[in-house]
Amino acid sequence: MNNKIALVTGGTSGIGKEIVIELLSKGCKVITCYSNNEENAQKLKQEMDSENLLIFKCDVSDEKQVINMMQIIKEKFGSLDYLINNAGTFIDNLIKDFDIEDFKNVLNINLLGKVICTKHVYPIMNYGGSIVNISSHLGIVPCTESPAYCAAAAGIINFTKATALEFSDKKIRANSICPAFTPTPLSLRGWKQEEIEQKLKETPLGRFATPEDTAKLCLFLLSDDSNFITGENIWINGGRL
Ligand SMILES: NC(=O)c1ccc[n+]([C@@H]2O[C@H](COP(=O)([O-])OP(=O)(O)OC[C@H]3O[C@@H](n4cnc5c(N)ncnc54)[C@H](OP(=O)(O)O)[C@@H]3O)[C@@H](O)[C@H]2O)c1
């Protein structure tokens, strides 16, 4: 993976940040983006202190901002080898009470953001490139109070398969990962303490997923070690079915 060029969306926190760290440790040049939290972006920059890391402020749900980011990547690097569509948000409510603008916001960031980045990465992605989309456990097993997140996560899995079919013309692979509950700012904001304890009880391996678990699987799916795997979804859940 040395010298490969990777774009990780939402790499300033949680799972995305760990993917950025793992890719840098393998010698990749990494571009990442965030939409809001400047403090996290500065922290990542300082912690990594690497000329191989470039951080953009770019909202993945805004097509103009994504086109602009891809243009700068093209000018600076020429092309890309890997895309990790990770950026996501979480707003919970019952369907009965959900504000439709909030529902659209979740779909726009979690699902359409991946569509927009995938569409605009295609022209600059090298033959044999690899895309990993971060979906969720909730894309397979729904729950109450997160209908927008569940819908987006389920959509990501099949969008990934459609990408694998279409982008095979450039031998670009596309796979998705469904991590179970992983303590990060996103998930800790979304769940009550008793719900979190219940999830742990339901997990046969007796611990929560970590960002490292997902990052290591992501690197495998990006690497040539998985070069006949495409259109696949991998559920990473400690046996919590
Ligand atoms: N944590 C879990 O339990 C869990 C489980 C399964 C799947 N996932 C998925 O894993 C992914 C990462 O989640 P996480 O738990 O690591 O969350 P996190 O710690 O809150 O990190 C989310 C990252 O995405 C960025 N982001 C959010 N909205 C964005 C936008 N519109 N444009 C660009 N960047 C944006 C955030 O930056 P800003 O804050 O600056 O916008 C941040 O860097 C998400 O897709 C989530 O659905 C998480």
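What volume does the largest pocket have? About 1100 Å³. Before we look inside, keep in mind that this is a predicted model, where local features need pLDDT of at least 70, side-chain atom pairs count only at pLDDT 80 or more, and totals for chains, interfaces and linings use all residues. Residues are numbered from 1 along each chain as its sequence is written, and side-chain values use heavy atoms, with hydrogens and water left out.

So how do you find empty space? Rolling a probe the size of a water molecule over the atoms shows where it is left. Here a pocket is an open set of points on a 1 Å grid over the protein atoms alone, where a 1.4 Å probe fits, with protein on both sides within 12 Å along at least five of seven lines; lining residues have an atom within 4 Å of a point. The volume is the space filled by probe spheres set on the points, which are joined across faces, edges and corners.

The largest pocket is lined by 46 residues, and Asn86, Ala87, Gly88, Thr89 and Leu186 are the closest to its centre. Helices H1 (14–25), H4 (100–121), H5 (147–167) and H6 (185–190), along with strand S2 (29–34), each give two or more residues to the lining. (Helices are DSSP runs of H or I with at least four residues, strands are runs of E with at least two, and both are numbered from the N terminus.) By class, you get 21 nonpolar, 20 polar and five charged residues; Ala, Val, Leu, Ile, Met, Phe, Trp, Tyr, Cys and Pro count as nonpolar, Asp, Glu, Lys and Arg as charged, and the others, Gly among them, as polar.

Now for the rings. The whole structure holds five aromatic pairs, meaning Phe, Tyr or Trp rings (six-membered ring for Trp) with centres within 6.5 Å; planes under 30 degrees apart are stacked, over 60 edge-to-face, and the rest tilted. Phe98 and Phe103 make an edge-to-face pair, 5.0 Å centre to centre with 70° between the planes. Both Phe98 and Phe103 are buried (under 20% relative accessible area, with exposed over 50% and partly exposed in between, using a 1.4 Å probe and protein chains only). Phe181 and Phe208 are edge-to-face too, because their centres are 4.8 Å apart and their planes lie at 65°. This pair links distant parts of the chain, 27 residues apart. Elsewhere, ring pairs join Phe90, Tyr149 and Trp191 into a cluster.

Finally, look at Asn175 in strand S6. Asn175 counts as buried because its relative accessibility is 0%.
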